Amino acid sequence: MTPVAIEAPEFDLRLTLESGQVFHWEPAGRGWNGLIDRYPVQVEQVGERLLVPAGTEILVSRYFSLDHPMRKILRTFPRDRFTSEAVKACRGIRIIRQPKWECLATFLTSAMKQVSHIRAMSRALRNRFGDAVEGSSIRAYPSPEAIATASEAELRACGLGFRAPNLQATARWIAEGRLDLDAIDAMDSSEALEELCRLPGVGRKIANCVLLFAYERLDAVPVDVWIGRVLRAMQAEGASADLEAFSRARFGPYAGYVQQYLFHHARVSKTLPTS
């Protein structure tokens, strides 16, 4: 099937897929193979265009948030040296719109793990519990029901370790309807954060990841080890223990975008801001 081109200005496919948001896409030839929920997609970037399978243009555009006004967003970034370096190094990263359950479950398994390990766990869970998808070598992310009915030993065999009980308990909450992920769409960010934190094993960091990457709350700031180091280095005088509040106050309505650029730059370059 001949691919079709869609416009993708201010977008870098590789940087976006390697920036720690999603963990199942695979390089293939000059492009990438992946699933958008249960739809197989091969995407190749040529300049400021993406080549995608015919019929997936809207799906791909929405998934990669090609409608986000990146020039406007980047103009809101702080002008300090480290942030400017992050923009230069990471320009083109966009916040992906992920399926809610897949995003929640993936970040539940991410605690104290590097990206390569999270990818391995994601692949193991897909291979063992996910449905086959026609036209793709990647299996769908397993449903809450599939995880809920698995044994803890089976989940641990996928490399989850101590994360297995929390993933299974959360899957049961979702499968049993004790928490409706779609209902969170209508909540304000504070209420949504509180609702997600009711789930077993979900703290503020994971909840903010889900708000940012699955609910498009672009002011959400997940504070992990790397971004915590960056934010503490940026505070200097008047340091605050509440790094989320500091981020929202300093970075504004697109704080989630700022943190993603800072996070990826710090993680890749192994550097921190200096005064």
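Student: What is the bridge partner of Leu-35 in E4?

Tutor: In this predicted model, Leu-35 has Pro-40 of E4 as its bridge partner. Two further positions lie opposite E4: Trp-32 faces Val-43, and Gly-31 faces Glu-44.

Student: What makes E3 and E4 a strand pair?

Tutor: Two strands pair if there are at least two bridges between them. Strand E3 (residues 31-36) and strand E4 (residues 39-46) have six bridges, in the antiparallel sense. E3 and E4 therefore count as paired.

Student: Which residue of the hairpin of E3 and E4 takes a positive phi?

Tutor: Asp-37 does, with a phi near 60 degrees. This hairpin has two residues between the strands.

Student: How do you know that E4 and E5 pair?

Tutor: Apply the cut-off of at least two bridges. E4 and strand E5 (residues 49-52) are joined by three, again antiparallel. So E4 and E5 pass. Val-46 stands opposite Arg-49 in E5. The two strands form a hairpin with two residues between them. In that turn, Gly-47 has a positive phi of about 65 degrees.

Student: What about E2 and E3: how many bridges join them?

Tutor: Three bridges join E2 to E3, and the two run antiparallel. Pro-27 has Trp-32 of E3 as its bridge partner. E2 and E3 also form a hairpin, with two residues between them. Gly-29 in the turn has a positive phi of about 60 degrees.

Student: In what order do the five strands lie in the open sheet?

Tutor: The order is E1-E5-E4-E3-E2, with antiparallel pairing.

Student: Why are E1 and E2 said to stand at the edges?

Tutor: Strand E1 (4-7) and strand E2 (26-28) each have a single partner strand, so one side of each has no neighbour in the sheet. Neighbouring strands here are turned by 35 degrees against each other on average, direction ignored.

Student: Why is E3 called largely enclosed?

Tutor: Five of the six residues of E3 are buried, so the rest of the structure largely encloses this strand.

Student: Why does helix H5 get the description "largely enclosed"?

Tutor: Eight of the nine residues of H5 (residues 100-108) are buried, so the rest of the structure largely encloses this helix. The buried residues are Trp-101, Glu-102, Cys-103, Leu-104, Ala-105, Thr-106, Phe-107 and Leu-108.

Student: Which helices do the buried residues of H5 pack against?

Tutor: They pack against helix H6 (115-129), helix H7 (144-148), helix H9 (164-175) and H11.

Student: Why is Asn-208 called buried?

Tutor: Buried means under 20% relative accessible area. Asn-208 has 5%, so the label applies. Asn-208 lies in helix H11 (residues 204-214). Leaving aside residues up to four places away in sequence, Asn-208 touches Leu-193, Ala-220, Val-221, Pro-222 and Glu-244.

Student: What makes Ser-143 partly exposed?

Tutor: Ser-143 has a relative accessible area of 24%, so Ser-143 is partly exposed. Its place is in the loop between H6 and H7. Ser-143 and Gln-114 are 29 residues apart along the chain, and their C-alpha atoms are separated by 24 Å.

Student: Why are H4 and H14 called roughly perpendicular?

Tutor: Angles of 65 to 115 degrees count as roughly perpendicular. Helix H4 (residues 81-90) and helix H14 (residues 255-269) pack at about 80 degrees, with their axes 9 Å apart. The pair is therefore roughly perpendicular. H4 contributes Phe-82, Thr-83, Glu-85, Ala-86, Val-87, Ala-89 and Cys-90 to the contact. H14 contributes Tyr-261, Leu-262, His-264, His-265 and Ala-266. The contact residues divide into eight nonpolar, three polar and one charged.

Student: How do you know that the overall size agrees with a compact globule?

Tutor: With 275 residues, a compact globule would have a radius of gyration near 19 Å. The protein has 19 Å, so the two agree. Its C-alpha atoms fill a box of roughly 50 × 45 × 35 Å along the principal axes.

Student: What share of the residues counts as buried?

Tutor: Of the 275 residues, 51% do. The protein has 14 helices and five strands. Among contacts with a separation of 6 or more, 68% come from residues 24 or more positions apart.

Methods: Residues numbered from 1 in each chain as written. Predicted model: local features only at pLDDT ≥ 70, side-chain atom pairs only at ≥ 80, totals over all residues. Heavy atoms only, no water. Axes fitted to C-alpha atoms, helices over the stretch in contact; angles between N-to-C directions. Helix = DSSP H or I, 4+ residues; strand = E, 2+ residues; numbered from the N terminus. Parallel < 35°, antiparallel > 145°, perpendicular 65-115°, else oblique. Contact = heavy atoms within 4.5 Å. Nonpolar A, V, L, I, M, F, W, Y, C, P; charged D, E, K, R; others polar. Buried < 20%, exposed > 50% of the residue type's maximum accessible area, 1.4 Å probe, protein only. Rg over C-alpha atoms; globule rule 2.2 N^0.38 Å.
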